Protein chains: 6
Amino acid sequence: MVYLTRVERFNAAHKLWVEDWTEEQNLATFGKCANKNWHGHNYTLHVTVKGKPDPITGFIMDVKKLSVLIKEHVVDYLDHSNLNLDVPFIPKGMQPTTENLAVVIWNRLSEALKPYPCQLHAIKLWETETIYTEYYGE
Amino acid sequence: MVYLTRVERFNAAHKLWVEDWTEEQNLATFGKCANKNWHGHNYTLHVTVKGKPDPITGFIMDVKKLSVLIKEHVVDYLDHSNLNLDVPFIPKGMQPTTENLAVVIWNRLSEALKPYPCQLHAIKLWETETIYTEYYGE
Amino acid sequence: MVYLTRVERFNAAHKLWVEDWTEEQNLATFGKCANKNWHGHNYTLHVTVKGKPDPITGFIMDVKKLSVLIKEHVVDYLDHSNLNLDVPFIPKGMQPTTENLAVVIWNRLSEALKPYPCQLHAIKLWETETIYTEYYGE
Amino acid sequence: MVYLTRVERFNAAHKLWVEDWTEEQNLATFGKCANKNWHGHNYTLHVTVKGKPDPITGFIMDVKKLSVLIKEHVVDYLDHSNLNLDVPFIPKGMQPTTENLAVVIWNRLSEALKPYPCQLHAIKLWETETIYTEYYGE
Amino acid sequence: MVYLTRVERFNAAHKLWVEDWTEEQNLATFGKCANKNWHGHNYTLHVTVKGKPDPITGFIMDVKKLSVLIKEHVVDYLDHSNLNLDVPFIPKGMQPTTENLAVVIWNRLSEALKPYPCQLHAIKLWETETIYTEYYGE
Amino acid sequence: MVYLTRVERFNAAHKLWVEDWTEEQNLATFGKCANKNWHGHNYTLHVTVKGKPDPITGFIMDVKKLSVLIKEHVVDYLDHSNLNLDVPFIPKGMQPTTENLAVVIWNRLSEALKPYPCQLHAIKLWETETIYTEYYGE
């Protein structure tokens, strides 16, 4: 079993804000991340698949095909988007925290990878150079 | 003459959009950067001052003081902000491109550094890991 | 289960030196790391906690609170310190290797994180850009 | 159990090309990686060993010894080499993909580490800044 | 005058070898870089243009257009190539050192940028993480 | 004129402390950097030389020779040293600030490079990932 990771990037705006809460509650919980006018990040996404290298090609999966899949199913929707408003597969009202984004991206890609012999193993998402989350599907 | 650089970071939302233009013109010129709902970046800012090291302290300027100055005059305004809407010293209607931001930051800091014996030498601003601008005051 | 990591940094001096050994033994074992006058490093510390994202906030734990905890319990003691002499929770005579530091930091933070619903998962400590250790509590 | 990682680097040429296939098949499968005249990469290799820190030295293994082992058994053969032609322990006809290289490097180093009390835990191999593989020996 | 830089990457094989010299001379001068079977690198290329930001768009030059130009005139030729054999604008017999590549890339891009109001300012080319060259056109 | 840079690294301890001052003065000026028991850093050093690439070899200077020179004249003295106590070419009482170190390293290397046809152009010294200095010899 070998693990293969592809790194992609996207830039997006978001804010953390619970609609049912007062402004005070939101600011107390989310601080500057609750700025009504949004803020944003350069996200770095690591997608890891696992499998046996093919005995002829040496590939678990063609990494260029993996890159295309990630772009088509995730990055093309998230890049230069507003994560609270623009992305059909982020449920309305779900906070676009790095934790929740990792799970949402996992769900998109585990679906997209079904036709392939390898399995999705991990999503790692950097929000800034000091914050990242990881999700392994359970 | 020795050059001393301090690196700081801020995360912000913005869009590129000329009010007097149609949506078609804006999209043709700015592409995804014209998304009405904003997008954002992790910016990395290098501020370089130059001067003679003090013969006793070995400092051109105390780098912690330089860090405080950059935060007070620039980063505290820009971090977790919307660059089009929230920042008093970014003129309304000025596109918040990396080029323009570098000049605006220069102007703020050359003012703030006047009481100090060293001189501002350069502003370098990374918008993504593949784009940066530099400004030397002229 | 989602994993959330916060990265912090500290700069410190240390040496590797066994008091019961001769200088020859120390130099033979530790080489330049046994320099009597110390040397030092910029350490980069990754602290990973795991848990379920809160359904309202989307947080495993507020990453700013995690950052404050790491600073209060670890970084404020280690930053600009001498790891052999200055740190109350590093036992005298324990070599401040990256291996031992990772365990000591784990012990401090697993204690500090007890009141929180998430669990400490991993400590990763970079000593230089080519050396790091990881500890998972067992 | 603590994990210790040493990072080493090597630069090499390679191509992906199945001898039994036509040029069309090779180009369809490997794209630009099938360029007959080769291309190359700066590889970054992480070697992780695990064990208990020695109670006196605080070492799982002397990281300088680990570095020497990696160089002697792996990097000295791979650095400035052609991975298809020059390396005795890469079987002829095996595609030098990052997946296969990780396994080959594991096999070399798990052998070389046998005399040491620690165990090889992981090989992580970066081919570019957006592609890496990992292998844990099974 | 503001400076705008775009970073692009390419991976290539090369060797340093003077045809008129004996193998001994080549190995004495170029060491492992003279390996007959080639070696390779991941190159990172910084292209800097300078000019006045447009008062409406805030652009010196649309950085996406700059990226397309660099790809069309430089990267599409160099990526996954053999720098000694495959590149029409690298003169036969010219050593593909980082120094010479920087000059060749400058010449290609200063030509390509002629129709644009900004000027080419600098080429910076990283060959490994410890070696880079810069060229300013004179 | 092409510029060639070699990057080297060293790890060292130091403190900032003026002997003629009281402890209060030292702490007021240097803060945590005045810790009597020292602290330390991983320094990253960029050495830039300039010249014309040799028409045959394509070299301004053999970068491996440049690396050897930097090690012999600078890094072998500074690595795993105490910058206040151990380095013969750092004058006693001179504060080992990044500013002063850049000048001292320039002086060492401009001397060492005299026999070579290229000229020393710049010293750039990173003390942490947010602080660096540059010196151009005047």
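User: What rotation superposes chain B on chain A?
Analyst: This is a predicted model; local features need pLDDT of at least 70, side-chain atom pairs count only at pLDDT 80 or more, and totals for chains, interfaces and linings use all residues. Superposition is by least squares on the C-alpha atoms of residues with pLDDT of at least 70 in both copies. The shift along the axis is 0.0 Å and the RMSD is 0.0 Å. That is the relation of a two-fold axis, and the rotation is 180°.

User: What is the average pLDDT of chain A?
Analyst: pLDDT is the predictor's confidence in each residue, from 0 to 100. In chain A, 100% of the residues score at least 70. The average is 98.

User: Are α2(E) and α3(E) roughly parallel or antiparallel to each other?
Analyst: Residues are numbered from 1 along each chain as its sequence is written. Helix α2 (residues 63-78) of chain E and helix α3 (residues 98-112) of chain E pack at an angle of about 150°. Angles run from 0 to 180 degrees between N-to-C directions, and those over 145 count as roughly antiparallel. The two helices, α2(E) and α3(E), are therefore roughly antiparallel.

User: Which residues in α3(E) meet α2(E)?
Analyst: Contact means heavy atoms within 4.5 Å. From α2(E) come Leu69(E), Ile70(E), His73(E), Val74(E), Tyr77(E) and Leu78(E). The residues of this contact divide into eight nonpolar, one polar and one charged (Ala, Val, Leu, Ile, Met, Phe, Trp, Tyr, Cys and Pro count as nonpolar, Asp, Glu, Lys and Arg as charged, the others, Gly among them, as polar). The partners in α3(E) are Ile105(E), Arg108(E), Leu109(E) and Ala112(E).

Notes
Chains lettered and ligands numbered in written order. Heavy atoms only, no water. Helix = DSSP H or I, 4+ residues; strand = E, 2+ residues; numbered from the N terminus. Parallel < 35°, antiparallel > 145°, perpendicular 65-115°, else oblique.
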